[in-house]
Amino acid sequence: MRKTFIWVALFAAFALIAAACGGDDEVDVSDFRVAIVAPSASNDLAFTQSIVDAVDALGIDPAVTDGTFVVEDAAAAIRGYAEEGYDLVIAHGSQYGGSLVEIAPDFPEVSFAWGTAADTFGLDNVYSYEAASDEGGYVMGVMAAELTETGNIGVVGPIEVGDAKLYVDGFLNGARSGGANATAAYTGSFSDVAAASETAQAFASQDVDVLSGTAQMVVGAVGVANDVGILWFGTQANQTELAPDIVVASQVYHWEVILEDIIQNVQDGQLGGEVYVITLENEGLVIEYNEDFDLSDDIKDKAEEAIEGIKDGSISTG
Amino acid sequence: MTIEDVRRRRLLAYSVPILAVLGALAIGAIMLIALDADVVKGFSRLFSGAFGSTDALIETALKATPLLFVGVGITIAFRANVINIGGEGQMVAGGLLSTIVALNSPDMGPFIMIPLVLLAGLAGGAIWGAIPGALKAYYGVNEILSTIMLNVVAVQLMNYLLRGPLIDPLEIERGTRIPQTERLVESADLPLLFGSGRLHIGPLIAVLAAIVAYIILWRTPLGYRVRAVGQNVDASRYAGIPVKRTIVLALTMSGALCGLAGAVLVFGSEGHRMVTDGSTAGFTGSAGFNGIVAALFGGLHPLWTIPASFLFGGLLVGGLALQRAVQVPSALILALNGLVVIFVVSADRFRRRLLERPPVVIEENDDNNRNEVATAAVAAAEPTSGDHPEGGDS
Amino acid sequence: MSELFTQAAIVAVVAGGIRLAVPLLVASLGETFGQRSGVLNLGVDGIMLLGAFGGYYAVLQSGSPWLGLLVGIGIGFIMGLVSALMAVTLKAEQGISGIGVYLFGLGFSDLLFQKWVGTPRPIPKFPKLDIPGLSDIPWLGEMFFQHSVVIYLAFAAIPLSMWIINKTTFGMNIRAVGENPEAADSLGVSVSRVRWSTVTIGGTLAGIAGAILAIDLGIFQQNITNAQGFIAIALVYFGAWRPLGIMLGALLYGLVNALVLQMKVLEIIPPDWSDIAAMTPAIITILALVVVATRFSPPSALTKPFTRGA
C-alpha cells in the first residue's frame with residue numbers, strides 16, 4: 001500500500017507541474033502557418049528536404065517535425081499541429097495516409113496535404129500530391145543511354161516501393177529506349193549507405209559507366225561513382241554539390257508549384273479534395289543540369305525531345 | 001535497523017529512478033540552451049504534452065501500452081536470467097501474423113475477430129521468442145545475439161510481405177505502391193473505451209497482461225521454475241527442474257507479450273493497417289528497446305512496470321510535444337531518450353543498494369517479496385545474491 | 001549464373017567483402033577486449049556513430065583524413081570511459097546500458113550533423129595504397145593489395161590483439177578477470193582497473209571503426225552505421241572471443257553481403273527477392289553461432305559485475 005501511495009503522490013506532483021504549465025500558447029494570427037511532418041532529416045538532400053525547401057521558397061517558415069519514421073509518432077505530430085491551429089499541415093510520407101484518414105475528420109477547419117499519394121479519401125479537407133518521378137527518370141535514362149560508352153547502366157534502389165520504384169522504372173525504361181543494357185539493384189534499406197556504396201562498386205565491376213539511384217542512402221553510391229569516374233544522375237534534390245565532376249543532371253522536385261495553388265485554395269476557403277501531381281508539364285519536376293559538366297548540345301536536344309514527348313503524351317514512361 | 005529505517009530506505013530507493021530521469025532532463029536542458037531554444041517553454045510543454053490534459057493523458061496511455069507489454073515480457077525473461085533484446089523483431093512478428101490472420105479469415109464479428117487477431121499476435125511473437133529460446137537452451141547460442149539477428153530477419157520479412165503478398169491491391173492498381181495492407185477488417189478494430197476519441201482497450205489489455213504475468217511468476221509452479229532457473233541453474237537442475245524447457249518457455253512467453261504489443265499497435269493504430277517505412281523502429285517506435293527501460297524503471301516487477309511504463313510513455317509523448325513547441329531537430333529527443341536510459345540504468349545500483357536486506361532481517365508482509373517462494377536449496381546454493389543483475393525487491 | 005564466375009565479379013566480391021568487413025573487424029576486436037574481461041558493451045553502435053560524425057566533421061573542417069581518425073580515437077576513448085564508468089563502477093545492467101548509449105549516439109550524432117553541417121557534403125577519403133609488387137598479381141592484387149591504407153592497418157591490428165591477449169601480462173590479467181574474477185582479485189589483480197582498461201580500449205576501437213566507416217565512404221548521414229555495431233558484437237561470439245575467429249567472421253559477413261549485392265547487380269537475384277536476400281547474412285550468422293556455441297563457451301564472468309567478497 002505504501003508504494004501505491006508514493007506513486008500516487010508522484011503522479012500528483014507531475015500533474016500539478018503539468019497543470020501549472022499548460023495553456024501558455026501564444027497565438028500567431030498574422031501569417032499563414034504551415035507545419036511539415038516528414039520521415040527523414042530535413043537536410044537529407046532528398047525526399048524531406050524537397051518539401052521543406054518548397055515551403056521556404058514560398059516565403060513561409062514552416063514548423064517542421066522531421067525524422068518521424070515512426071508512423072504513430074507522425075500521427076501524434078500531425079494531430080498536435082492541427083490542434084495548435086496551423087492552417088496547413090503537410091504529412092510528407094506515403095506511410096502516413098492510414099493515420100491521416102482518421103485524423104483529418106476531427107479537424108474540419110484545418111487543411112491537410114498528404115504525399116506522395118494519389119488519394120484524398122473523399123475528405124474535403126485533405127489534398128494529396130505526388131511526383132511523376134518516372135517522367136524525369138525516363139528523360140535522364142535517355143541521356144544516360146546516349147552517354148554510356150560500355151552500353152551498361154545501373155540504378156541503385158532502396159526498397160522496391162512507392163516513389164522509388166516509380167523513378168527507377170522510369171529511368172530503366174528511358175535507358176532501354178536508347179538501346180542500353182540497364183539494371184536496377186535494390187539494397188533492401190533506405191538508410192544503408194555502405195550497402196549503396198558497395199552496390200555502386202559491384203556495378204563498376206560490371207563495366208557500368210552511368211549510374212543513378214534514389215533515397216537518402218545514395219550519397220554513398222555517389223562517392224564511389226566519383227572515385228571511379230562513373231557518371232551520375234540524381235533525383236529528388238540537386239545532387240551536383242556531392243560530386244561536381246560526375247553529376248550530369250538531377251531531377252528536382254519543386255513542390256512549390258502545387259503548394260502555391262493549395263495555399264491559395266485554403267485561403268479561399270477550399271480546404272481539400274484535390275489530387276496534385278508535379279510533372280515536367282507543370283514544371284514541378286525540373287531537370288537541372290550541372291553547369292560544370294560538359295554535356296553536348298546533341299544530348300540536351302535528345303533530352304528536350306523526350307521532355308516534349310512526355311508532355312504531349314507521345315512517349316510513355318511505363 | 002528499525003522498520004522505520006527500512007521504510008525510509010525504500011522510499012529513497014523508489015525515488016532513485018525519478019532522480020535519474022531528472023538528471024537526464026537537466027542535460028537535455030543544457031542541450032536546449034545550446035540550441036538557443038526556449039527551455040522553459042520546452043519543458044512546460046514536455047509536461048503538459050504528457051500529463052496536462054485528458055487528451056495528453058490518453059496519448060501517454062497509448063504510448064505506454066507497447067512499453068508495458070514489452071516491459072512485462074522482458075521481466076519474465078529477466079527472471080529466468082535471459083536478456084531478451086529481440087522485442088523489436090517479436091513485435092514485428094506479432095504484428096505480421098495478426099495482420100495475415102485478419103486478411104485471410106472471414107469477418108466473424110468483433111467478439112471473435114478481436115480475440116483472434118490478438119491471439120495471432122501472441123503466437124507470432126511467441127514463435128519469434130521460442131527460436132532464440134531453443135537456440136540458447138539446446139545449442140548454447142547467446143540470446144542477445146540471436147535476438148538481434150532475428151530483428152534483422154523480421155524487418156526484411158515485413159518489407160517483403162508488405163511490398164508483395166500483403167500489399168493493398170489498390171496500391172498496385174494506382175501505381176503508388178505504398179508498402180501497406182488495405183484497411184483491415186473493421187470488426188477487428190480495438191474497441192474505443194468511451195465509444196469515441198482515441199483511447200482503445202489496448203492499455204487495459206496491457207495492464208491485464210501485467211497482472212497475469214505477476215500471477216504466473218509468483219503464484220504458479222511455472223513461475224517458480226522460471227525464477228529458480230534465473231537464480232541458479234545448477235541448483236535448479238539438482239532440484240529436478242527441466243532447465244532447458246524452462247528457458248525456452250520464458251523466452252516464448254516474453255516474445256508472446258511483445259507479439260501482443262505488435263498486434264495492439266496494428267489494430268489500435270490510427271490507420272488500422274500495417275505499414276512499413278523499411279525499418280523496424282518505424283513500426284515499433286523502438287518500444288522493443290524502450291520497454292526494457294520501462295521494465296528496469298519498474299524494478300523488473302510486472303506490477304511496478306505499469307506506472308513505470310506510463311511515466312516513460314509520458315516522457316516520450318512529452319518529448320514530441322517539446323520538439324513541436326520549440327522546433328529543435330527530432331534527433332534531440334532521441335538523444336534525450338538515450339540519456340534517460342543511461343541515467344536510469346546507471347542509477348539502478350543505488351536503488352539496489354538501498355533495497356539490500358539490512359543486517360537484521362526483518363520479514364515484511366510484502367506481497368512481492370521474491371524470497372518467500374525461493375526454496376532453501378536454491379537460496380543456499382546462490383553465490384552472488386547481492387550482486388545479481390536482476391536486482392529484484394529482495 | 002555464369003556471370004558470377006568471371007574474374008571481374010569474383011574480384012569485386014572479394015575486394016568489396018574486405019571493405020565491408022573492416023569497420024566490423026575493428027569494432028569487434030575492441031569488443032573482444034571488454035568481453036574477455038567479462039564486460040559486454042552493447043553500446044558499440046552508438047560509439048561508432050559518434051566516432052563517425054566526429055571523424056567526418058574533423059575531415060570536413062581540416063581536409064585531413066588522419067585528423068579525422070584522430071578525432072574518432074578521441075571520441076571513442078571518451079565514450080569508452082563513460083561505458084566503463086557505467087558497466088564497471090556503477091555495475092549497470094550490461095545488456096541495457098548499451099542500448100542507452102546506442103540511442104544517445106544515434107540521436108546526438110544526427111543532431112550535431114544537422115546543426116553543424118547541414119546537408120551531406122563529401123570529404124576526402126583515406127589514400128589508397130597499392131602494395132608494390134603484390135598489387136600487380138592478377139586476381140589477388142586487386143582483391144587484397146589495392147585498398148585504402150586503413151584497411152591494412154585494421155588487419156595489422158589482429159596479430160597485435162592476439163599478442164596482447166595471449167602473450168602479455170595485461171592480457172593474462174584480462175583473461176583471468178574474465179574467467180574467474182574472485183581468483184584474480186585474490187592474486188592482487190585489480191578487477192576494476194583491468195575492466196576499465198578493456199572497456200576503454202573497446203570504446204576507442206569502436207570510435208575508430210566509426211571514423212573509418214564515414215571517412216572511407218567520404219560522407220556522413222543520419223544512422224550511417226545502420227546497426228553495424230550490433231553485428232560487430234555478434235561477431236565476437238561468432239569468432240569465439242579469438243581475434244582470428246573474429247577476422248574470419250567479419251570477412252564471412254562482408255563477403256556474403258558483397259556477394260548478395262553483386263548477385264542483385266547481375267540480376268541473379270531479381271529485384272522482387274531483394275528483401276529476402278537481405279536476410280541471408282543474419283541467418284548465416286545465426287547458423288554459424290549455433291556451430292560456434294557448441295564448441296566454445298564464453299568467458300565465465302561475462303556480463304557479471306564483480307564485487308569483492310560477494
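What is the mean pLDDT of chain B, and what percentage of its residues reach 70 or more?

1. **Confidence in chain B.** The mean pLDDT of chain B is 86, and 90% of its residues reach 70 or more. Here pLDDT is the predictor's confidence in each residue, from 0 to 100. Among the elements of chain B, helix α4 (residues 87-104) has the highest mean pLDDT, 97. Helix α16 (residues 376-381) of chain B has the lowest, 34. Helices (H or I, at least four residues) and strands (E, at least two) are DSSP runs, numbered from the N terminus. Over residues 359-394 of chain B the pLDDT is below 50. Beyond near neighbours in sequence, this stretch still has 52 contacts in the model. Two residues are in contact if their C-beta atoms, placed from the backbone, lie within 7 Å.

2. **Ground rules.** This is a predicted model: local features need pLDDT of at least 70, side-chain atom pairs count only at pLDDT 80 or more, and totals for chains, interfaces and linings use all residues. Residues are numbered from 1 along each chain as its sequence is written, while chains are lettered from A and ligands numbered from 1 in the order in which they are written.

3. **Chain B against chain C.** This contact takes 39 residues from chain B and 41 residues from chain C. On the chain B side, α5 (110-139), α6 (143-163), α13 (287-297) and α15 each supply at least two residues. The largest share, 13 residues, comes from α15(B). By class, the side of chain B that touches chain C has 25 nonpolar, 10 polar and 4 charged residues. Ala, Val, Leu, Ile, Met, Phe, Trp, Tyr, Cys and Pro count as nonpolar; Asp, Glu, Lys and Arg count as charged; the others, Gly among them, count as polar.

4. **Chain A against chain C.** Here 32 residues of chain A are in contact with 33 residues of chain C. The elements of chain A that give two or more residues to this side are β7 (181-186), α7 (193-205) and α8 (219-228). Helix α7(A) gives the most, with 10 residues. The chain A side divides into 14 nonpolar, 15 polar and 3 charged residues.

5. **Domains of chain A.** The assignment gives domain 1 (27-131 + 255-278) and domain 2 (133-246 + 293-312). Such bounds come from an automatic or database domain assignment. Taken over C-alpha atoms, the centres of the two domains of chain A are separated by 29 Å. Their contact takes 10 residues from domain 1 and 8 residues from domain 2. Helix α2 (residues 47-57) of chain A provides the largest share of the domain 1 side, 3 residues. That domain 1 side has 4 nonpolar, 5 polar and 1 charged residues.

6. **A cis peptide to check.** A cis peptide bond joins A:G115 and A:T116, with omega about 0°. A:T116 sits in the loop between β4 (111-115) and β5 (126-131) of chain A.

7. B:Q327 has phi near 55°, a positive value in a residue other than glycine. Its place is the loop between α14 (305-326) and α15 (331-355) of chain B. B:Q327 counts as partly exposed because it has 17 C-beta neighbours inside 10 Å. The scale is: buried if 20 or more other C-beta atoms lie within 10 Å of the residue's own, exposed if 12 or fewer, and partly exposed in between, with C-beta atoms placed from the backbone. C:W139 is not a glycine either, yet has a positive phi of about 60°. C:W139 lies in the loop between β1 (128-130) and α5 (140-144) of chain C. With 11 C-beta neighbours inside 10 Å, C:W139 counts as exposed.

8. **B:I167.** This residue is in the loop between α6 and α7 (169-174) of chain B. B:I167 has 18 C-beta neighbours inside 10 Å, so it counts as partly exposed. Leaving aside neighbours within four places in sequence, B:I167 is in contact with B:L162, B:I172 and B:P179. B:I167 and B:R177 are 10 residues apart in sequence and 8.0 Å apart in space, C-alpha to C-alpha.

9. **B:D107.** The loop between α4 and α5 of chain B holds B:D107. B:D107 is exposed, because 12 other C-beta atoms lie within 10 Å. Not counting residues up to four places away in sequence, B:D107 touches B:M113, B:V185 and B:S187. B:A20 is 87 residues from B:D107 along the chain, and their C-alpha atoms are separated by 49 Å.
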